[in-house]
Amino acid sequence: MSILQLPPGMSPLNAQQMQQMQDLLGGMTPIQHAWASGYLAALANGATAAVETPAASVTETAPLTVLYGSQTGNAKHVAQELAANAKGRGLDVKLIDMADYKPNQLKNEKYMAIVVSTYGEGEPPEPAERLYTFIGSKKAPKLDGVQVAVLGLGDSSYEFFCQTAVDFEKRLSALGADVAFDTALLDVDYEDHTDSWIGGAVDVFEDVLKTKKGGPNNVIPLMPAAAPAASSYNKKNPFPAEVSVVQKITGRDSTKDIRHLEFSLDGSGLTYAPGDALGVYFTNDPADVDDVLQCLSLTHDAQVKVGDAAKPLRDALIEDFELTQSYPGFVEKYAAATGALSDIAGDKEKVRAYIADRQIYDILRENVATIEPQALIDCLRKIQPRLYSIASSQQEVDDEVHLTVGVVAYDAFEKTHLGGCSGFLAERVSDGDRVKVFIEDNTNFRLPENPETDIIMVGPGTGVAPFRAFLQDRDAEGADGKNWLFFGNPHFTQDFLYQVEMQGYLKSGLLSKLDVAFSRDQAEKIYVQHRLLENGAEVFKWLEDGAHFYVCGDASLMAKDVHAALVKIVRTHGDMSEEAAAAYIDDLKAEKRYQRDVY
């Protein structure tokens, strides 16, 4: 019996094609038949299967490697857009997180696009640290003839704006790379400018990278199995989540105001993993907006342009523009528009000193000037969502997501000041209200794949949030790995966040060890790094046995002190030199056994 049996006139193939098909399939195994069937089905659905076309005549070119180093996800999203743009033009593209990139691969690159953020005082994001260090070392290879384009994301509120991107360009250039397209350094309102830079950069690479479809050695990947349908909600289209709980979890006499919040994701299709963050959009305090409008003698309903839309000035100031976090660019623009602050506007040091403890509200109240509504809007930058480490596991809470939010509050200029988003969540959101949210995945802060692996978690203050998620997840999975938590805050009686839960986990055995540091409960201040050092021998044994080490919280002080303590533990209990201990820590990072979520 022939392989293909169709009634006369029903085959779309002519007689010769039919014979060729039968000859081909007749010599194939059942497994090969299955592969061919899938291949043909993929073609019928508009996709292509893995096939190497015979060597022909076009020249093989190196791909465009798009590397991103992202702390909060912004650089990753821009890199994804860049890669999609390039792929849409038929270019061969590799998109790689710097955390997963082997630095020695640099010597094989020909065309590179770098998208990298900066955080803290000009520091590279965690995932970029290894590559950043490598390109500044003697081990870095010569990159003569390599074409590079660099895009930096940063926040001009900080002195070393986009410093990491500046350093990447300088170091790659020093190695011999040519800057193929002008470097762009973008502020927090980067979304208004990325499209033009991406378009220009891809234009430059297109001529040398474009390959013919079906050309030689053009391996087109087999269509993968269908992935689960992704939610339609994201940063650009946030989900209006209903708030079910807003609860203060510090004591009445605490020096901190920390809130536990719960949101419903029911109907959103949003999913998250322990270690991910929740992006939260907020609105400004209407009372503060009204006060500013009165000071500037501006009417509430004056029409202004926000993008392509027109809306009343008051609504725009409440819903669209940053009024809490000050930045030098605002001072410069306001001075140019009004003449106010002209005595300091040209001096960066004076501007930074002036805005250090002032919100934009304060600057406007102190420098009342005549300004048109649209001119005021043009001085401001758009509100950016705030990211908070998720404090729950979906295996435990299903269609909910929990946060642990420290409220930013301080008194200055005879007024209490609140953080833009934390003040919104603490003071102006109640049960039943809806808040726009999205999930920001953080693949560089993940539980071990093997549930039998031990973990050490260091999370003082609100840094305990992701570790609550870790513990919930491991509890739900029945993971056998041991769990050790280091937690710290000022006072045991006022600031032991999730105390009942943690003590319950300790009693059940889910928490193998719990070490706490309440810094103000004794004359000598004790912090989590001190508890680590006290337990140094056991910490090192856990690491030697394969444990993963996690840190979450303040980057400027705590995370640096914890890192120094870890180096000391490895040096002391591993009997290593300073250099050997540093190399040991670097290996932990490379193996993703030392992960930090710091801010």
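The model is a predicted one, in which local features need pLDDT of at least 70 and side-chain atom pairs count only at pLDDT 80 or more, whereas totals for chains, interfaces and linings use all residues. Residues are numbered from 1 along each chain as its sequence is written, and side-chain values use heavy atoms, with hydrogens and water left out.

Strand β17 (residues 483-489) pairs with β18 (residues 513-518) in the parallel sense over six bridges, where pairing requires at least two DSSP bridges between two strands. Strand β16 (residues 455-458) also runs parallel to β17, joined to it by four bridges, and I455 stands opposite N483. Together with helix α15 (residues 465-477), β16 and β17 form a right-handed β-α-β unit; right-handed denotes a path from the first strand over the helix to the second that runs clockwise when the strands point away from the viewer.

Seven of the seven residues of β17 are buried, that is, under 20% relative accessible area, with exposed meaning over 50% and partly exposed in between (1.4 Å probe, protein chains only). In a regular strand the side chains alternate between the two faces of the sheet. In β17 both faces are covered, with N483, L485, F487 and N489 on one side and W484, F486 and G488 on the other.

The largest nonpolar core comprises 36 residues, and L317, F330 and Y334 have the most contacts inside it. Such a core is a set of buried Ala, Val, Leu, Ile, Met, Phe, Trp, Tyr and Cys residues joined through side-chain atoms within 4.5 Å. A second, separate core of 28 residues includes L532, W542, A559 and L588.

Helices α19 (residues 536-544) and α20 (residues 558-573) pack at an angle of about 85 degrees with their axes 9 Å apart. They are therefore roughly perpendicular to each other, a class that spans 65 to 115 degrees. The residues making this contact include F540 and L543 of α19 and L566 and I569 of α20, contact meaning heavy atoms within 4.5 Å.

K592 lies in the loop between α21 (578-590) and β20 (594-598) and counts as partly exposed because its relative accessibility is 27%. Leaving aside neighbours within four places in sequence, K592 is in contact with A99, D100, T443, N444 and H548. The C-alpha atoms of K592 and F445 are separated by 8.6 Å, although the two residues are 147 residues apart along the chain.

Key
Helix = DSSP H or I, 4+ residues; strand = E, 2+ residues; numbered from the N terminus. Axes fitted to C-alpha atoms, helices over the stretch in contact; angles between N-to-C directions. Parallel < 35°, antiparallel > 145°, perpendicular 65-115°, else oblique.
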